[in-house]
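Welcome! Have a look at it first, and then read on.

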Amino acid sequence: MGPPRSKKRRPTFRRLLKTSGMKLDNKLKTRQMKQQNVAKKQRKEQKRLRQAVKDASIRTPRPLETYRKRPEEEDEDEFLETLPTDMLEEDDMHQMAAMARKASFITRDLSSCAPVHSGKKRSSDVIRSYEKVPRKLVRTEEKEVIHLLPIKDKRGLIPQSMEKVVTNQQQEEEEEEEDDDAAADEHVENEVAPQIYPQLTEAQRERIRAQKISEKRLTIASLGSAIVSDPIVNIKRVKELRGMLMEADPSVAVTVRKLVMVSLMEIFKDIAPTYRIRPLTAEEKATKVKKETQQLREFEEGLVSQYKFYLEDLEQTIKDWKQKKKKRSQAVGFQSYRGLAEVAIRCLCELLLAMPHFNFHNNIIVALVPLMNDSAKKVSDMACDAVKKLFKQDKMGVASLATVRVISGLVKSLNYNVRPEVLLTLLSLRIKEVEMKKDIESTAPKKKFMNHKEKKKNLSRMQRKWKKAEEKLEKELMEAEASDSKDKKIKLHTETLNIVFLCYFRILKKAQKSVLLPAVLEGLANFAHLINLEFFDDLLNVLQNLIQSGDLTHKESLHCIQTVFTILSGQGDVLNIDPLNFYSQLYKMLPRLHAGASNDDIAIVLRCLDAMLTRRKKQVSLQRAMAFTKRLSMLSLHVLPNASVGILAANRATMHSFPKCDFLLDNEIQGSGFYLPELDEPEHCNAQNTALWELHTLQRHYHPVVRRFASHLSRGAPSEGSAALSVELSRRSPVELFDVYSVKDMTFNPPVAPPGSKKKDRFSVGASSLLDAELQTRVNRVLTEAEDAQLDFTATHTKKTTAHTIAHTLS
């Protein structure tokens with residue numbers, strides 16, 4: 001029997017974190033109390049000294065016996081009083097001043113009968129005399145003591161302190177939260193500087209502050225480079241760097257703390273190993289190991305402890321900002337708390353993404369997830385973006401499962417009163433395969449290898465050798481395929497998706513009128529193909545009731561329809577259900593979509609059409625397909641060009657799935673009755689009696705791709721020939737075409753060709769400008785004669801003569 005097991009429970013990590021936090025708070029309170037006691041003692045000593053000097057100056061010593069001065073003594077006293085003080089030397093003056101400071105025999109009460117050298121009794125009598133003096137209660141303002149550096153003198157160290165007056169108005173301003181960003185911290189530090197250096201100008205204070213910041217930066221850089229260069233040896237320097245988070249100089253405290261936070265984050269990202277460090281057991285600590293191993297153990301232990309303390313500092317910074325807690329011992333103003341908290345949140349986000357394998361990753365998740373629902377938009381966006389990136393880069397799903405659990409608990413604890421962005425982050429989950437139903441291969445018994453007795457009994461010696469080699473090869477192949485890790489991944493994804501659907505179904509059941517409903521419907525549409533078959537009936541009934549209630553917007557209704565048909569096109573194909581109501585709802589909503597509304601709804605419509613018509617072509621009638629084709633053609637006339645391209649591509653897919661839709665390209669009536677465009681029932685609107693005349697209008701559209709699609713559809717959407725589409729357009733889905741030709745960034749695709757340059761043709765005079773050589777010589781002679789002649793423009797007859805001469809020569 002081993003030693004009796006201890007009944008004392010091992011503390012959990014949260015309890016350890018809480019205990020360490022309490023220890024830090026107690027240490028901080030003890031330090032504050034000590035500083036207050038020291039300041040109180042100094043004030044008492046100064047008060048006693050002032051009172052002693054005051055008593056010495058007020059009280060006159062009573063003589064031992066009263067006697068009358070002789071005239072000679074009176075004359076001698078008057079003579080001594082009239083003597084000039086210039087006769088005294090400077091050393092004598094200092095000595096007298098020092099004697100005056102001390103309560104010597106000159107200042108003591110001569111009427112007392114106490115001996116001169118009784119120290120203890122004299123001090124007690126002095127204190128008793130102080131107590132007898134009536135106290136004056138003077139209303140003084142509350143003062144905050146700022147401890148400065150001490151001064152060294154002949155007598156020793158003299159502590160220095162400065163009293164900062166805190167008025168009621170300033171206290172009220174400190175209690176209010178100010179919405180300043182990190183750029184305002186320098187302004188705050190510049191405001192603190194005049195209180196510390198009141199005798200300096202603003203330029204001198206700014207110069208001193210810049211010099212201090214540069215010195216602190218050099219210190220941080222030297223410590224950081226030493227740690228990164230040799231982390232195993234210099235791991236203790238992390239503590240020195242972390243100590244700078246408690247910078248006490250008010251002029252540079254905010255800037256220095258931010259720099260230290262970011263520097264420590266980068267250092268931990270560099271020196272942290274790629275594995276999780278576990279604590280050593282008592283047996284492992286007791287065993288003797290090599291020097292290198294012991295050094296590595298000390299490094300890992302120091303790294304984990306310093307990393308934990310660093311995370312606690314970041315979390316405490318965020319808590320101080322959230323709780324609006326003002327600490328008198330801190331040198332940071334309350335208005336700077338938000339800037340420090342934002343830097344701390346950014347550091348936590350970086351550590352969440354950079355070290356998902358390292359210790360305390362779950363604690364970072366627990367600290368960051370509540371910030372996703374923060375009222376400050378900047379803080380909420382940082383936390384949501386970090387969680388989205390974590391979901392996208394997490395391949396195994398361990399971190400995703402932990403985050404989804406915390407999000408689900410947060411939504412439930414706040415009674416579904418959270419921001420929609422919190423649930424929209426779940427759309428970034430990389431879940432493509434879950435364990436929904438067991439296949440035949442998985443239910444089949446696994447292949448068991450023969451043991452040694454069976455081999456010896458049934459096989460020969462050579463067969464046993466071959467069998468052993470085959471089993472070894474199969475085991476190696478199974479390890480290479482990593483089938484165990486794949487099974488683990490599917491198991492984690494299944495558990496994650498169950499928590500997501502649990503959160504979605506709770507909101508559908510208890511908070512249907514919440515602002516979270518659009519995010520829930522979008523999430524259901526995204527993961528509908530992974531829902532278990534047993535939830536289909538209840539979910540379809542809930543979605544149908546939501547659509548028929550009329551409380552949903554167009555986008556929410558489209559998400560409901562997309563969810564239903566995604567379910568029916570996946571595992572739900574085994575269900576014998578005709579969702580005619582959902583077809584009618586989508587057919588009814590199509591005319592409400594136009595260029596004046598949100599253009600993003602068209603993308604959801606295109607996904608719905610793909611699931612409703614293309615994938616379910618065997619369950620859809622021809623009348624329904626023709627009705628949708630006609631109404632979509634009408635919709636393509638009054639939407640943006642990228643939406644027109646996507647709708648025409650959807651019509652092309654419908655015409656390929658239903659070849660008899662080419663009736664709409666003929667003017668002849670295919671049946672009795674008239675087309676009823678305003679009827680919202682696709683089965684009874686007589687769509688076979690109309691034609692797609694919209695294609696002729698679209699062939700004159702300003703967008704070239706729309707013209708190409710319209711011309712292609714008007715010829716029957718052929719797959720080959722001159723009227724066929726190019727490979728670039730034919731192989732893309734309608735949703736891809738909608739995204740490619742989008743005009744969100746105010747760019748036109750394809751780009752518009754620049755206008756051509758319109759240059760005027762000018763006549764160039766040269767040797768080869770005229771074809772006739774004789775005419776060319778005459779022109780050259782006339783031009784040379786005109787250049788040589790000196791023309792007088794003042795005389796009119798001269799101009800006429802010259803013009804006549806030139807004309808005669810040319811003729």
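Asn 686 sits in the loop that links helix H27 (641-657) to helix H28 (694-698). Please keep in mind that this is a predicted model. The notes below begin with backbone geometry.

**Backbone geometry**
- Most residues other than glycine have a negative phi, and most peptide bonds are trans.
- Asn 686 is not a glycine, yet its phi is positive, near 60°.
- With a relative accessibility of 22%, Asn 686 counts as partly exposed, because that class lies between 20% and 50%.
- Phe 360, also not a glycine, has a positive phi of about 60°.
- You can find Phe 360 in the loop between helix H12 (337-354) and helix H13 (361-368).
- Phe 360 has 11% relative accessibility, so it counts as buried.
- A cis peptide bond, with omega near 0°, joins Asn 749 to Pro 750.
- Pro 750 belongs to the loop between helix H31 (734-740) and helix H32 (773-788).

- Helix H24 covers residues 580-589, and its buried residues include Phe 582, Tyr 583, Leu 586 and Met 589.
- Ser 584 and Tyr 587 of H24 are buried too.
- Among the elements covering these buried residues are helices H22 (536-549), H23 (554-569), H25 (601-614) and H26 (622-635).

**Confidence**
- The protein has an average pLDDT of 77, and 70% of the residues score at least 70.
- Residues 62-69 stay under 50 in pLDDT, and the model gives them five contacts beyond four places in sequence.
- Residues 166-184 also stay under 50, with 22 contacts beyond four places in sequence.

Note on methods. Residues numbered from 1 in each chain as written. Predicted model: local features only at pLDDT ≥ 70, side-chain atom pairs only at ≥ 80, totals over all residues. Heavy atoms only, no water. Buried < 20%, exposed > 50% of the residue type's maximum accessible area, 1.4 Å probe, protein only. Helix = DSSP H or I, 4+ residues; strand = E, 2+ residues; numbered from the N terminus. Contact = heavy atoms within 4.5 Å. pLDDT = per-residue confidence, 0-100.
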